[in-house]
Amino acid sequence: MQTQIVQTNLELIQGDITKAHVDAIVNAANNALVGGGGVDGAIRRAGGDVIENACAEIRSREGGCPTGKAVITTAGNLHAKYVIHTVGPVWEGGNSGEAELLASCYQESLQLAVENGVQSIAFPSISTGIYGYPTEKAALVALTAVKDFSEQSSAAPASVQFVLFDDATYTCYEDALRTLNL
Ligand code: ADP
């Protein structure tokens, strides 16, 4: 499923993000930028040790990555050139700024992408795994954030993919795209 927002082609794909042929893959990381499970583990396994080495450097220089922010590293053995690591909020019921922090993950990642000349980028569904954010709600936040960025930035990437691992997540994003009339 795909749609066009200004100059950005927005596409929903079901699959494994480590296989994506894009300039940058986004990782759902943690504050310490240390290896985790879920999509983070998959990206690190496929990309190799250089990703951990680059994360260790950022950790020693900046102490990690705050929630809602993003950092960029090499992508090692992946098809992509870069991995953009962003830290989503842990779901605490919805009244702790989760939606704003989640939107910020997408905006900050897209901003870093623009600054690094990235033309195509793939996102997983940030925060909806171990961090427990309800997927229907997260999908609306994620797609709205990408739409807003594309409408506001003339340098927005030409291609934005959401690579969604399982059926249920893919369906939530499809529903959200329809709800938002995109
Ligand atoms: P978080 O800690 O931000 O919740 P997770 O990695 O636990 O991050 O989950 C985020 C989403 O990534 C979930 O929908 C999970 O199913 C999905 N996921 C896990 N592995 C992959 C993969 N290889 N490609 C794409 N998505 C993946």
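Strand 1 (2-5), strand 2 (8-14), helix 3 (98-115), strand 7 and helix 5 are among the elements that cover the buried residues of helix 4. Here helices (H or I, at least four residues) and strands (E, at least two) are DSSP runs, numbered from the N terminus. Buried means under 20% relative accessible area, exposed over 50%, and partly exposed in between, with a 1.4 Å probe and protein chains only. Covering rests on contact, that is, heavy atoms within 4.5 Å.

This is a predicted model, in which local features need pLDDT of at least 70 and side-chain atom pairs count only at pLDDT 80 or more, while totals for chains, interfaces and linings use all residues. Residues are numbered from 1 along each chain as its sequence is written, and side-chain values use heavy atoms, with hydrogens and water left out.

The buried residues of helix 4 include Thr 135, Ala 138, Ala 142 and Phe 149. Helix 4 itself covers residues 135-152, and its 18 residues reach 25 Å from first C-alpha to last, close to the 26 Å expected at 1.5 Å a residue. The expected span is 1.5 Å times one less than the number of residues.

Helix 3 also has 18 residues, which should span 26 Å at 1.5 Å a residue, and its end C-alpha atoms are 26 Å apart, so the two agree. Among its buried residues are Glu 98, Cys 105 and Tyr 106. After helix 3 comes Gly 117, with a positive phi near 70 degrees.

Next, helix 5. Thr 169 lies in this helix, residues 167-179. Is Thr 169 buried or exposed? Its relative accessibility is 9%, so Thr 169 counts as buried. Leaving out residues up to four places away in sequence, Thr 169 touches Ser 125, Thr 135 and Leu 164. Its side chain also makes a polar contact with the side chain of Asp 166, at 2.9 Å. A polar contact is a pair of N or O atoms within 3.5 Å; within protein, one must be able to donate a hydrogen and the other to accept it, and residues adjacent in sequence count only if both atoms are side-chain atoms.

Last, Thr 18, in the loop between strand 2 and strand 3 (24-28). Thr 18 is buried because its relative accessible area is 9%. Its side chain makes a polar contact with that of Asp 16, at 2.8 Å. Thr 18 and Ala 42 are 24 residues apart along the chain, yet their C-alpha atoms are separated by 7.0 Å.
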